[in-house]
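Look at the fold below and keep it in view while reading.

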Amino acid sequence: YQRRVHGEFKSFVKKKKNMADHLARIFGTEEDKINCPFYYKIGACRHGDRCSRTHLRPTLAQTILVPHMYLPPPPGPDGQTVDDKDHFEDFFYEIVDELKKYGELEEIVIVQNMGDHMFGNCYIRFKEEEQAAAALASITGRFYAGRTLHAEFSPVSDFREARCRQYDEGNCARGGYCNFMHLRAIPRKLKDELKYAAKDWRRSHRSKSRSRSRDKSRKKKSRSGSRDRSHKNRSRSRSRSNKKDLPRSSSEERRAMIASWNKEKDIVPPPSVPQ
């Protein structure tokens, strides 16, 4: 009976382990019937809150999403699209200059999909989660280009899985309404600006840590020096107090003492006579 119970228990544990491995393997994929794969991959879903699957919104992450932050310039009088190269560069410089205050920037991604759930979305990834949290707290509720920003944490940490490979190859059949990211090409000088911002953060962070360590060492030295000075002052005061306690003799007494010393020196003892 004990062998049969032990065998059933081992088979039960094995099934549970296989089930856990299976759930971990299909998490965030099309096979997952509980969690939304699109929200897990791109941080946005075309169904929004009406989606039949669960959107696991992270409470802390390296990446923050600012929906509809970038808006291209309106078309010209003839209805043709306007070249937004300068407009995009100004936008990129502005957000880098603002967000570099909160941490080390690793990547900024702007999508150019036309869907309502992805239009103008801006993804900012920091090196540390705490840095992203500070930036999110500062951005949320602020106005940019006449609109209120509503930032949120995004589950996307690797944009290689979120981007549309067909769009990168130039043959996406769905066009701007594709459910995968059509990433805006970032010029090289803007990428360099992002690198410089990250270097500036690291340099300033190192200088702050060094200044703190120097301040600590200075405080320790000042404390030790003050202790030594107080010890010396105490010893000097004690010696002075001991000297003050001795009675001071008068000049006549000192002269009599010197005369007695001289007499003792003049008196020579007689030689001893051998017997």
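Nearest the centre of the second largest pocket lie Pro-72, Pro-73, Asp-84, Met-114 and Phe-119, which are among its 15 lining residues. On a 1 Å grid over the protein atoms alone, a pocket is an open set of points where a 1.4 Å probe fits, with protein on both sides within 12 Å along at least five of seven lines, and lining residues have an atom within 4 Å of a point. The model is predicted: local features need pLDDT of at least 70 and side-chain atom pairs pLDDT 80 or more, while totals for chains, interfaces and linings use all residues. Residues are numbered from 1 along each chain as its sequence is written, and side-chain values use heavy atoms, without hydrogens and water.

The lining of this second largest pocket has 10 nonpolar, 3 polar and 2 charged residues. Here Ala, Val, Leu, Ile, Met, Phe, Trp, Tyr, Cys and Pro count as nonpolar, Asp, Glu, Lys and Arg as charged, and the others, Gly among them, as polar.

Now turn to the largest pocket. Its lining has 22 residues, including Glu-107, Ile-108 and Val-109, which are among those nearest the centre. By class, 12 are nonpolar, none is polar and 10 are charged.

Is His-182 buried or exposed? At 3% relative accessibility His-182 counts as buried, because buried means under 20% relative accessible area with a 1.4 Å probe and protein chains only. Contact means heavy atoms within 4.5 Å. Leaving out residues up to four places away in sequence, His-182 touches Ile-110, Tyr-167 and Gly-175, among others. Its side chain reaches the backbone oxygen of Gly-175 at 3.5 Å.

Conventions
Buried means under 20% relative accessible area, exposed over 50%, partly exposed in between (1.4 Å probe, protein chains only). A polar contact is a pair of N or O atoms within 3.5 Å; within protein, one must be able to donate a hydrogen and the other to accept it, and residues adjacent in sequence count only if both atoms are side-chain atoms.
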